[in-house]
Amino acid sequence: NGWIWGLIALDALRYPIPSGSYYSRDDIISEILRCQLPDGGFALTGQVSDPDITAMALQALAPYQSSTKAYSYQDKNKTQKTKSVKEVTGEALSALSKMQGSDGGYASWGTQNVESACQVVVALCCLGINPETDPRFMKNGKTAVDGIMKYRMSDGGFMHSLIADSDNPSSVPNKS
């Protein structure tokens, strides 16, 4: 998470890395790639891919799609790997597609929620992928945008989840 948001912050205005810095952009990218799980996704902890962290990793890696550079790194299992950002992106997109629910939505930490679908839509847009037309992100005719809109309330706001979420006590079903 820290590597991901560090790279996103640096790239927000293409901030230069100061000379003498301990980490370069390539170091940060390598650290993100190192965290990829065997199924292609990413997780905050553990070995089960999470749509939020996978989508956030894609957001961070989006500006580096055209690079042909291959990064060599050891994954979490100490296996030596060499991959390009584009390869990792393709694998992560496949993982996100598989994580998508039949209603177009996503679940994180066992709870379907609006934020997970939002992270996916942002990632797809960062990569130039239309979240409403790409067949990889359509399930039963439902898109990730549909996965967001099911949480829209009559007051125009959005609820976190359709059910009470014990991990997020401030979220209340049917309340924006």
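**How the helices pack**

Author: Gladly! In this predicted model, helix α1 (residues 2–12) packs against α3 at an angle of about 35°, and their axes are 9 Å apart.

Reader: Which residues of α3 make the contact with α1?

Author: Let's take the two sides in turn. From α1 come I4, W5, L7, I8 and D11. By class, the residues of this contact divide into 8 nonpolar, 1 polar and 1 charged. On the α3 side, the contact is made by I53, M56, A57, Q59 and A60.

Reader: Is the crossing of α1 and α3 left-handed or right-handed?

Author: Two packed helices are described by the angle between their axes and the distance between the axes. The sense of the crossing can be given as well, and for α1 and α3 it is left-handed.

Reader: Are α2 and α3 roughly parallel or roughly antiparallel?

Author: Helix α2 covers residues 25–34 and helix α3 covers residues 51–61. Their axes come within 11 Å and cross at roughly 155°. Angles over 145 degrees count as roughly antiparallel. Therefore α2 is, relative to α3, roughly antiparallel.

Reader: How many nonpolar residues are in the contact of α2 with α3?

Author: On one side, α2 brings I29, I32 and L33, and on the other, α3 brings A57, A60 and L61. Sorted by class, this contact has no polar and no charged residues, and the number of nonpolar ones is 6.

Reader: How many charged residues are in the contact of α1 with α2?

Author: The axes of α1 and α2 come within 9 Å and cross at roughly 145°, and the crossing is left-handed. Here W3, I4, L7, L10 and D11 of α1 meet R25, I28, I29, E31 and I32 of α2. The contact includes 7 nonpolar residues and no polar ones, and the charged residues number 3.

Reader: Now for the pocket: how much space lies in the largest pocket?

Author: Its lining is made by D52, S108, W109, T111, N113, E115, S116, H160, D165, D167 and N168. These lining residues divide into 1 nonpolar, 6 polar and 4 charged. The space in this largest pocket is about 170 Å³.

How values were computed:
Residues are numbered from 1 along each chain as its sequence is written. This is a predicted model: local features need pLDDT of at least 70, side-chain atom pairs count only at pLDDT 80 or more; totals for chains, interfaces and linings use all residues. Side-chain values use heavy atoms; hydrogens and water are left out. On a 1 Å grid over the protein atoms alone, a cavity is a set of points where a 1.4 Å probe fits but cannot get out, and a pocket is an open set with protein on both sides within 12 Å along at least five of seven lines; lining residues have an atom within 4 Å of a point. Grid points are joined across faces, edges and corners, and a volume is the space filled by probe spheres set on the points. Ala, Val, Leu, Ile, Met, Phe, Trp, Tyr, Cys and Pro count as nonpolar, Asp, Glu, Lys and Arg as charged, and the others, Gly among them, as polar. Axes are lines fitted to C-alpha atoms, for helices over the stretch in contact, and angles run from 0 to 180 degrees between N-to-C directions. Helices (H or I, at least four residues) and strands (E, at least two) are DSSP runs, numbered from the N terminus. Angles under 35 degrees count as roughly parallel, over 145 as roughly antiparallel, 65 to 115 as roughly perpendicular and the rest as oblique. Contact means heavy atoms within 4.5 Å. A crossing is left-handed if the near helix is turned anticlockwise from the far one by less than a right angle, and right-handed if clockwise.
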